[in-house]
Amino acid sequence: MGIKGFGATALASALAFAVVVAAPAAEAKDWRGWNIHVEDYPVSHGMEAFMAEVTEKTNGEIKGKVFHQGVLGSQPDAIEQTRLGIIDFGEFSLGPMGQAVPEANVVSLPFIFKSIDQMHRAMDGAPGEALSAGLEKKGLIALGYYDAGARSFYNSKGPINTPADMEGMKVRVMNNDLFVDMIAALGGNATPMAFAEVYQSIKTNVVDGAENNPPSYESTAHHEVAPYFSFSEHLIIPEVLAISKKTWDTLTPEQQEIVKTAGKNSTMLQRELWKERETASLETVKAAGVQVNMIEDKGPFQEAMAPVYEKFLAANPEMTEIVELFQNFE
Ligand code: BDP
């Protein structure tokens with residue numbers, strides 16, 4: 001019994017050892033991806049395509065799941081968790097990113113880009129590289145910059161044509177002081193709030209309205225409670241498909257190449273889907289009775305932003321160079 005017992009124990013510990021040693025190689029990596037949007041949304045399709053390509057090209061060494069609709073937490077929390085490697089990857093607006101990555105604030109400056117086309121070229125060129133370097137310093141590897149179009153104001157009161165129409169208006173903004181200053185400069189009152197709370201807050205008159213691109217306005221049904229959409233296009237904020245540096249550092253060079261390529265491919269897909277969805281969303285909300293108006297003269301909105309730039313640059317003089325890099329990019 002003694003000898004038998006010893007043998008069994010030895011065998012058991014040998015087996016246990018084998019299991020522990022073999023586990024990392026045999027077990028596929030299982031990633032968790034954060035997404036704030038509903039499943040049928042350009043960002044969501046881009047992220048799913050990214051994950052599918054990574055799994056296929058690594059022959060299943062890397063698997064993963066994209067968690068949609070913010071079930072893994074609010075955007076500011078998810079940014080922190082991805083930096084820490086608790087979440088492996090995510091698709092983030094560079095708006096709330098500014099709190100963690102100072103360089104990201106540059107694209108949250110109102111009217112910084114001249115057009116969507118210029119934004120794409122800038123994000124794929126030197127300005128985008130400067131941003132990616134800033135992200136990497138804070139633990140995030142940028143795999144591609146997704147499109148989020150331009151953001152405009154919408155509310156439950158009436159059309160906006162001039163800043164005077166926003167006097168005293170309560171407007172929900174994303175979590176970043178720059179947006180609070182932006183609304184104040186237009187005469188309104190900003191309330192930073194999580195995306196998930198906006199619908200109810202407009203409905204119950206906690207705020208009069210918010211600002212977003214047409215696909216987000218439509219996919220969240222904000223148009224039901226705020227049926228006036230005014231094309232101010234005051235912010236063009238790109239988004240980033242980013243992987244945690246902690247996760248990235250566990251990959252072999254071959255796997256890193258696969259992940260990079262899948263990131264680029266998913267970016268191209270997302271940008272295509274984005275264009276289609278923008279058109280479709282506008283049609284949907286118009287059909288639902290939303291009053292959409294173009295703002296004939298955006299000049300007064302642009303001019304009102306001078307103090308926002310001044311305050312930002314005075315508080316962050318080290319950002320002057322990168323702001324100019326974006327402003328002067330042709
Ligand atoms: C959407 C962005 C999303 C933001 C949301 C917001 O895609 O990342 O969380 O706006 O306003 O356009 O919070």
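A salt bridge is taken here as a side-chain nitrogen of Lys or Arg within 4 Å of a carboxyl oxygen of Asp or Glu. The side chains of Glu-218 and Arg-277 meet in such a bridge, at 3.0 Å from N to O. The model is a predicted one, in which local features need pLDDT of at least 70 and side-chain atom pairs count only at pLDDT 80 or more, while totals for chains, interfaces and linings use all residues. Residues are numbered from 1 along each chain as its sequence is written, and side-chain values use heavy atoms, with hydrogens and water left out.

An automatic or database domain assignment supplies the bounds, giving domain 1 (29-148 + 237-279) and domain 2 (151-236 + 287-327). Their C-alpha centres lie 23 Å apart. Contact, meaning heavy atoms within 4.5 Å, involves 38 residues from domain 1 and 33 residues from domain 2. The area buried between the two domains is about 3000 Å², and carbon and sulfur atoms give 71% of this; buried area is the accessible area (1.4 Å probe) that two parts lose on being put together, summed over both. On the domain 1 side, Leu-109, Pro-110 and Phe-111 supply 24% of the area buried against domain 2, more than any other three residues.

Between domain 1 and domain 2 the count is one salt bridge, whereas a search of the whole structure finds 13. Returning to Arg-277 and Glu-218, with closest N and O atoms 3.0 Å apart, the pair links distant parts of the chain: Arg-277 belongs to helix α12 (residues 253-287) and Glu-218 to helix α9, 59 residues apart. Helices (H or I, at least four residues) and strands (E, at least two) are DSSP runs, numbered from the N terminus. Both Arg-277 and Glu-218 are buried, where buried means under 20% relative accessible area, exposed over 50%, and partly exposed in between (1.4 Å probe, protein chains only).

A local counterpart is found in helix α2 (residues 42-57), where Glu-53 and Lys-57 lie four residues apart, about one turn of the helix. Their side chains form a salt bridge at 3.2 Å, N to O. Glu-53 is buried at 16%, and Lys-57 is partly exposed at 44%.

What about the aromatic rings? Rings of Phe, Tyr and Trp (its six-membered ring) pair if their centres lie within 6.5 Å, with planes under 30 degrees apart counting as stacked, over 60 as edge-to-face and the rest as tilted. The structure holds nine aromatic pairs. The Trp-31 and Phe-89 rings have centres 6.0 Å apart and planes at 55°, so this pair is tilted. Trp-31 lies in strand β1 (residues 29-34) and Phe-89 in strand β3 (residues 89-93), so the pair ties together parts 58 residues apart in sequence. Trp-31 counts as buried at 3% relative accessibility, as does Phe-89 at 0%. For Phe-229 and Phe-231, the centres are 5.2 Å apart and the planes at 75°, so the pair is edge-to-face. Ring pairs also link Tyr-154, Tyr-217, Phe-229 and Phe-231 into a cluster.

Most residues other than glycine have a negative phi. Gln-69, however, has a positive phi of about 55°; Gln-69 lies in the loop between β2 (62-67) and α3 (75-84) and is exposed at 55%. Phi of Ala-221 is also positive, near 65°, and Ala-221 sits in the loop between α9 (214-219) and α10 (222-225), buried at 16% relative accessibility.
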